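Open the model in your viewer and keep the selection panel at hand. The stops below go from one part of the chain to the next.

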Amino acid sequence: MKIYHELSSLQIANCTACGIGNFDGIHKGHQKLIKELLRSSQLRNIDSLIFTFEPHPSKVLSSDNNVKFIMTPNQKQQIMKSYGIDHFILAPFTLEFSRINYKDFIYDILINKCNAKVIVVGYNYRFGYKSEGTAHTLKEICHKEGIDTIIIPPVKYKGQIISSTFIRNLIEKGDMKSAAEFLGRPFTVEGFVQHGNGIGKKLGFPTANILPEQELILPPRGVYAVLVRWKDNIYKGVANLGIKPTFNGDSIWLETHLFNFSKKLYGEKLEVMFIDNLRREIKFNTAEALAMQIQNDFIRAMEILKLI
Ligand SMILES: Cc1cc2nc3c(=O)[nH]c(=O)nc-3n(C[C@H](O)[C@H](O)[C@H](O)COP(=O)(O)O)c2cc1C
Ligand SMILES: Nc1ncnc2c1ncn2[C@@H]1O[C@H](COP(=O)(O)OP(=O)(O)OP(=O)(O)O)[C@@H](O)[C@H]1O
């Protein structure tokens, strides 16, 4: 997969089928769009291209400068690569870019620079200055230019239209089971294992500690049954996402205990997948009381993960 971070020198030689959007979370609605994009590019023997924006437009356009996302740009890139996308464009999104008229976006960027012969968007896609471009106007212009437009009808799950916004709310509420159902994969935090204070090891439950990236949306502080990917293997475990109030911590760590595992993980990259929530984080009066509760957490997490 070729990755592009700027548009000024962009000129794709091969004809392409282009999918456009933010794709935060690459949920089941996005997956349907990507499937259609790949199908159509294979059918016509042209390249597949995903056109997205970096940073996410809401970071530039929203007055809230604390916007959070379901996945990091790195996670998004890895998943697009695994789907076999040929070109992945991360257009630098600035205020100036946001003022591009929707017609200029179609002609200058999609047709001229991306060499689009097919454009795939969702039913509700809006683009260009003041979101004046719609899936319908895109189809009209493309028709005149001999370019095919595929508009994906709303993908629903349990009667609900799937969207990144809806899934962000599920994660914020700690409903990790539903989040995984809407995403089509568990919500995942990745990072490199750092040294903790060594208290866990003393209490009999060593943990691999990760500092989640600032821009990631996080579920409430609490204990979760998790699966952990390390070097292409999957392990079962239980994780605490929180500040460790029992020990007067302040920053938010994701601390995972892997079952039946004794290797050193310092410096290693882990992907922690949230399967289900067990309880909220509590301030215990003693370390022993915490250790007793953690034994119960282990048993409950093992029960949940037994079914997986
Ligand atoms: C399953 C599990 C549940 C936890 N629950 C809590 C909790 O409710 N309250 C708390 O203060 N810390 C909780 N922790 C965090 C522990 O306090 C922390 O892992 C321990 O202090 C070790 O930290 P260290 O790795 O920095 O030594 C939990 C950890 C695990 C693995
Ligand atoms: N449920 C869905 N069904 C069909 N198409 C969808 C669905 N959700 C998103 N899309 C399409 O996928 C592309 C990328 O979507 P985008 O990430 O911009 O929107 P979103 O998932 O609705 O996010 P948000 O909730 O942040 O607006 C767009 O073309 C969009 O129309």
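Select residues 182–306 to begin: this stretch is 22% helix and 37% strand, and its end C-alpha atoms are 22 Å apart. Helices (H or I, at least four residues) and strands (E, at least two) are DSSP runs, numbered from the N terminus. UniProt, in an unreviewed entry, lists residues 182–306 as "domain: Riboflavin kinase"; such positions are given in the numbering used here, feature names are shortened, and annotations may be inferred rather than shown by experiment.

Two notes on the model apply throughout. This is a predicted model, in which local features need pLDDT of at least 70, side-chain atom pairs count only at pLDDT 80 or more, and totals for chains, interfaces and linings use all residues. Residues are numbered from 1 along each chain as its sequence is written, while chains are lettered from A and ligands numbered from 1 in the order in which they are written.

**Whole chain**

Now show everything. The chain has 10 helices and 16 strands, and its C-alpha trace spans about 70 × 40 × 40 Å along the principal axes. Of the 308 residues, 32% are buried; buried means 20 or more other C-beta atoms within 10 Å of the residue's own, exposed means 12 or fewer, and partly exposed lies in between, with C-beta atoms placed from the backbone. Among contacts with a separation of 6 or more, 74% join residues 24 or more positions apart. A contact is a pair of residues whose C-beta atoms, placed from the backbone, lie within 7 Å.

Six of them form an open antiparallel sheet in the order 11-16-13-14-15-12. Two strands count as paired if DSSP finds at least two bridges between them. Strand 11 and strand 12 (208–210) are the edge strands, each pairing on one side only. From one strand to the next the twist averages 35°. Axes here are lines fitted to C-alpha atoms, for helices over the stretch in contact, and angles run from 0 to 180 degrees between N-to-C directions.

Select strand 16 (residues 269–280). Six bridges pair it with strand 11 (residues 187–192) in the antiparallel sense, and G191 has L270 as its bridge partner there. Strand 13 (residues 222–230) is also antiparallel to strand 16, over eight bridges; look for Y224 opposite N277. At the strand 12 end, three bridges join strand 12 to strand 15, with I210 partnered by L254.

Ala, Val, Leu, Ile, Met, Phe, Trp, Tyr, Cys and Pro count as nonpolar, Asp, Glu, Lys and Arg as charged, and the others, Gly among them, as polar.

Next, select the open sheet of six strands with parallel pairing, in the order 1-4-3-2-5-8. Strand 1 (2–4) and strand 8 (148–152) are at its edges and have a single partner strand each, so one side of each lacks a neighbour in the sheet. The twist averages 20° from one strand to the next.

Strand 3 (residues 47–54) and strand 4 (residues 87–92) run parallel, joined by six bridges; E54 is opposite P92. Helix 3 (residues 73–83) packs on the sheet, touching strand 1, strand 3 and strand 4, with its direction at about 155° to that of strand 4. Helix 6 (residues 135–144) lies across strand 5 (116–122) and strand 8, at about 160° to strand 8.

**Ligand 2**

Move to ligand 2, which 21 residues surround, the closest being G21, G29, G122, S164 and T165. Helix 1 (28–44), strand 5 and helix 7 (164–173) are the elements giving two or more residues to its shell, and helix 1 has the largest share, three residues. The shell divides into 11 nonpolar, nine polar and one charged.

**Last stop: K113**

Select K113, in helix 5 (residues 102–113). Is K113 buried or partly exposed? K113 is partly exposed, because 19 other C-beta atoms lie within 10 Å. Leaving aside residues up to four places away in sequence, K113 touches L7, L10, Q11, I12 and D108.

Conventions
Contact = placed C-beta atoms within 7 Å. Near = placed C-beta within 6 Å.
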